[in-house]
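Biologist: I would like to learn how to read local features from coordinates. Can we take them one at a time?

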Amino acid sequence: MAMAYQQKLAEKLTILNDRGTGVLLRMNYIKKTCLDPKLRPQYLTDKTMEASVKYINKKFPNIDFRGNSQQYLVGIQKHKSEVMVAMSSYYDSFIDVMEFRDHVYELLNTIDACQCFFNIAVNFDFTKNYLELIITYISVIIMLSRVEDKKVLVGMYNCAHEMSNGSSDPAYPRLAQMFMEYEQPIKKLTEEFGPHTKGVTEALLSLQMLYPRRNLPAEQWRSAQLLSLLSAPASMLDPACCDTMACEYLSLEVMERWILLGYLLCHSSLNTNQSSQELWKMALRSGLYLTIIRDETINIHKITEDYFDGLKGYSKRIADIKECREHVTVNSGAMHRERRGFLRNALKELVKVLEDEPGLLGPKVLFVFMALSFSRDEVLWLVRYSENIPKTKTPEDYVDSQMAELLFYMERLRTLMTKYSRVVQRYHVQYLAQFDALLLNDTMQNMYVCPEEESVLMTSFVSTLSALTIKQVENGEEFDFRALRLDWLRLQAYTSVSKAPLSLKEYPDLAKVMNMTQFHTKMLDNVQEMLHETSDLSILCFYPRVFEKMFSQSSEEVSMQRYLMSFPLVCSHFNQTVHPLCPEEKRSLRLCVTFLEEIAKQTSSVILEICSEQCNLNDQLLPKHCGQTISAARNKKQKKQTPKKGEVQREKPGTESQRKDRAIVTNMDKLHLTLTELCSSFSGSSDFTVFNHIVTPAEFLISHLETRLTKIIVRMAHYNQTTQEIGRPSDLLAGIRAYTASLHTLSRYLSLDVTRLVKNVLLQQTQPLDSYGGQTITTLYTNWYLEGLLRQASSNLIVHCPAMHCFVNQTIENEQSFRAEEYSDISEMQALAELIGPYGLKFLSENLMWHITSQVGELKKLVIENMDVLVQMRANFDKPEAMANLQKRLPAGENVLKRMTIIGVILSFRAMAQDTLEDKHCPYLMGPIESLRDMVSPDTDIKVTLTVFELASAAGLTCDIDPALVAAVASMRTDNSSVDEEYKLTCLLLVYIAVSLPILALDPNSYYSRHYGGHHNNIHCLATAVNQLSAAMFTVESKNIEQHLKEFLLVASSTLLQLGQNVENRVDGKNRDSIYLLLHMIVEASPFLSQDMLESCFPYVLLRNAYREVTDIYLNVCLQ
């Protein structure tokens, strides 16, 4: 007994199991690294090392470092230090395997010497740790044998070590010997485990009651109403407990691994013990493959058959294997399919009941862990066989398109356990203090033998449990029963050795009480670990193809779409794959992101398809489609001829909602059903963590919607660069409003910030490029208005119409591809302003200013070319004879006026756009902005003036000086030009314009139209051009605007008065009068000129007569 205390069997089993798992992961990592061309160690692929690698492989383990062999090791000699560094981690990992083997040997021999007793139903933890250590050890050796480059890795390190230190590494001989011994791992392992056959067989035979009970077909589960809380309503509140609590959720896969690998190494008992043989055959009938680690599996049937084939007296066992293999091929797929079907319904019922009554988690928590464990076994079975489907007539049994539902309910159970952990704690803290402690105390009192060491442990158990109170839960105290559970494991070890004073198998009641108590303590401090033990699916991280295939199969089923979020949620289990001994294992969010992207893609497609349908329905209600209805109503009223029978009558809007049979399912019905299913998946979890990254599923949907909505809006503009066609802004705005209204219905399905989404998308559309570098509607409409509308306006094909505040087409024979008024009236400009906003209009304005500056640049060139003549004309504008002579020497007057007209057209269009910008969303801001603008006076500092005007202009208010035009003109200045030169050019430009005005009378299109409120060749835009351009240019040059505009007025008046006196014989009277009106327009449009100034230099009677003449002409035309 003293030996049992001193050997510390419990501690060693715990430590070695954890260590073995780490070593096993290292071997798996080394195998994967050596097989991956991208990760393979550099010196195994280096051409200079090729000879060394071949030589070491050939001569291992006896590598000669002297003589002729040196020529093969030159590469290592040159890089010996680097080779040692590169290979050290691999070498140390193999040393870890050797040391692990030594410790396992020692512990197993000690256990055999102690003649320990094993029974899974009594000393559960001791037996489980014992069997786990054996299987971990076997797995490590099998993985070691699968590392093909192990000899090279160890050999290269030892060569580099000897070259550097003059001697081999001390561990190398034993390590090399171990590699040679395990060339045939199964044979060597069976030899090693010969002495341990008795203990292993005893431990495995303790499963003969548990394993058959757990490995039942779905029909028996169903008839027993397994996992059902509703099968016995009267006992619903009774605690779910049994004699073997921990066995109830023990993984079936784990038990099969114990049985099949255990009997493979201790095979002699198969011929001597009928119970062992039956247990082994039952496990063989469950499947062909066992998991070693991660995605590494072995075909246990083949390995066992191949090994038994070389042994005498095992022909019957080989026949058993073949019979079991046939059974697996025929029946296994269908059996597991039925189990998954049963578990889907059972978990669904369990989740619904627990969601409705979470208080049942207290007494029935065992059902949750059983359900999770059973489900996890079935999921992992399908994963193993998805890439190893046997030759069967029913391969569909190995495909499950409803896997999403099972995963979903597993995740729901995990969520419920986490959410209501306090409920579970409140129940079990009372259970432990008021039942378990008392029962354990009574059990101790009834024991007739109780040594001091065991008595101390059990007394501490009772005192610890008795001290528990419900206030600890209410106060949020953290519980920690790890010490108690370790003491119970120690007690199992002490009482399981041969000749122990207190033998546990003689006191099964003590084992039952303590096993139940241990389970209850885990409900207080170890729920997450229990969830990990029973429902961890992190192995799917290493089966990406299988996992993705399951997802695609489930996503194709409409009924499964509501459960799709379970796939990315399962990715949160991947955190459990991290182990301290193997931190290098690759961790990736790829699978999680792939699933979320696909779910978001499907959802966004459905949402936008619904939006598109709603947009089409909304389009039918637009005023542009009512013409036919009005025409039909008018014809009916006037009793005109009705349409012929062959003509198809257009359906009225709303007919799509009329139904005669509710069973008829429309496309919109299907879309809304699909949307409901997909949105249900998003509502399951707001966020979760994968590899320390917080993942928010809704953000993926928002991102997809944002990207696709951006493209849709641009597509809805219907812009064709080749034909210069584009949709009307009002139509696009109506479409966007229809989409937005449909998107807002998403709030009925899930909590999504649709307002933020729409604002982000529309804000991007106000910029030249969106966040992906694509063109926006701002760019498209800017290009179209510049190239499509204004270019034709500059050619007089389109006329600016101040009376109607729009542009209109000229009534000429040439057919236009569009009607200008349909794109430039007040409603369209308002729609444009709402679509592209202040930012978009600023971009439009910048492009317009670029065109203006290019025209101003050409005008300056003309002024420079004719500077001498213009200087003389400026000095002699009041001398008719001199002006007449100078006029003959001044060419290009038409060119100047043409360019000024283009500038005027552009500025007129810009003014129309700015007028629609007045902010309706923040009306309380407009008053202060207007006050600021009105406070500006000529004495105000020019920088302050421009700043205020820029603010006012952005708000859609008109200003005396255009700040954008000022900035554009200022940007034209170069370092070589002086302020005086620029000032002189500006003054002469105004003179050039003024003296060229009479030329306009020669153009037959220069007549004023009362209908348009302007001239047919857009020369009325000269008023805007002269006023705004001169104001901007003189502001840049810091000169008095009013003074120079007066000068312009004097020169223009003098020139036009001469027009009336000298050219009456050559000019049509209506054109002369129309030019007179232009002068009046210039004064009216100017904030710096007044009617008094005009009358002082130009007789008002001429203006009055001019208005009368153009009005008479207009009336005469109308009467004809």
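Modeller: What follows is a walk through salt bridges, hairpins, a helix face and some backbone details. Keep in mind that this is a predicted model.

Biologist: Start with charges. How many salt bridges are there by the rule used here?

Modeller: The general idea comes first. Side chains of opposite charge can pair when their charged atoms come close. In this model the count is 51 salt bridges.

Biologist: Give me one. Which side chain meets Lys31 in a salt bridge?

Modeller: Glu296 does, with N to O at 2.9 Å. This pair ties together distant parts of the chain, 265 residues apart. Lys31 sits in helix α2 (residues 9–35), and Glu296 in strand β2. Both Lys31 and Glu296 are buried.

Biologist: What about Asp149 and Arg40: how far apart are the closest N and O atoms?

Modeller: They are 2.8 Å apart, and the pair forms a salt bridge. This one also links distant parts of the chain, 109 residues apart. Asp149 is in the loop between α7 and α8, while Arg40 is in the loop between α2 and α3.

Biologist: Are those two buried or partly exposed?

Modeller: Use the cut-off: buried means under 20% relative accessible area. Asp149 has 13% relative accessibility, so it counts as buried. Arg40 has 24%, so it counts as partly exposed.

Biologist: Where in the chain do Arg340 and Asp400 lie?

Modeller: Arg340 is in helix α19 (residues 315–356). Asp400 is in the loop between α20 (365–386) and α21 (403–419), 60 residues apart from Arg340. Their salt bridge has its closest N and O atoms 2.8 Å apart. Arg340 and Asp400 are both buried.

Biologist: Which residues do salt bridges with shared partners join into one network?

Modeller: Lys31, Lys32, Arg146, Asp295 and Glu296.

Biologist: Now hairpins. How many bridges pair strands β1 and β2?

Modeller: Look for the pairing, then the turn. Strand β1 (residues 289–293) and strand β2 (residues 296–299) are antiparallel, with four bridges. Ile293 stands opposite Glu296 in β2. Two residues lie between the strands of this hairpin, and Arg294 takes a positive phi near 50 degrees.

Biologist: And β5 with β6: how many residues lie between them?

Modeller: Four residues separate them in the hairpin. In that turn, His805 has a positive phi of about 55 degrees. Strand β6 (residues 806–809) runs antiparallel to β5, joined by four bridges. Ile798 has Asn809 as its bridge partner in β6.

Biologist: Which way do the side chains of β5 point?

Modeller: Ile798 and His800 point one way from β5 (residues 798–801). Val799 and Cys801 point the other way. All four of these residues are buried.

Biologist: Next, a helix. Which residues of α4 are buried?

Modeller: Read the burial, then look down the axis. In helix α4 (residues 50–59), Ser52, Val53, Tyr55 and Ile56 are buried. Seen down the axis, the buried residues of α4 fall within an arc of 170 degrees, so they line one face. Lys54 and Lys58, on the other side of α4, are exposed.

Biologist: What do the buried residues of α4 pack against?

Modeller: They pack against α3 (42–45), α5 (74–78) and α8 (150–165).

Biologist: Which loop holds Gln115?

Modeller: Gln115 lies in the loop between α6 (80–114) and α7 (124–146). Gln115 is not a glycine, yet its phi is positive, about 50 degrees. Its relative accessible area is 55%, so Gln115 is exposed.

Biologist: And His718: buried or exposed?

Modeller: His718 is exposed, with a relative accessible area of 58%. It too has a positive phi, of about 55 degrees, although it is not a glycine. His718 is in the loop between α33 (697–716) and α34 (729–744).

Biologist: Last, contacts. What does His1080 touch?

Modeller: Leave out residues up to four places away in sequence; His1080 then touches Gln1091, Leu1094, Leu1103 and Tyr1107. His1080 lies in helix α48 (residues 1069–1085). At 8% relative accessibility, His1080 is buried.

Terms used
Residues are numbered from 1 along each chain as its sequence is written. This is a predicted model: local features need pLDDT of at least 70, side-chain atom pairs count only at pLDDT 80 or more; totals for chains, interfaces and linings use all residues. Side-chain values use heavy atoms; hydrogens and water are left out. Buried means under 20% relative accessible area, exposed over 50%, partly exposed in between (1.4 Å probe, protein chains only). Two strands pair if DSSP finds at least two bridges between them. Contact means heavy atoms within 4.5 Å. The arc is that of the directions from the helix axis to the C-beta atoms. A salt bridge is a side-chain nitrogen of Lys or Arg within 4 Å of a carboxyl oxygen of Asp or Glu.
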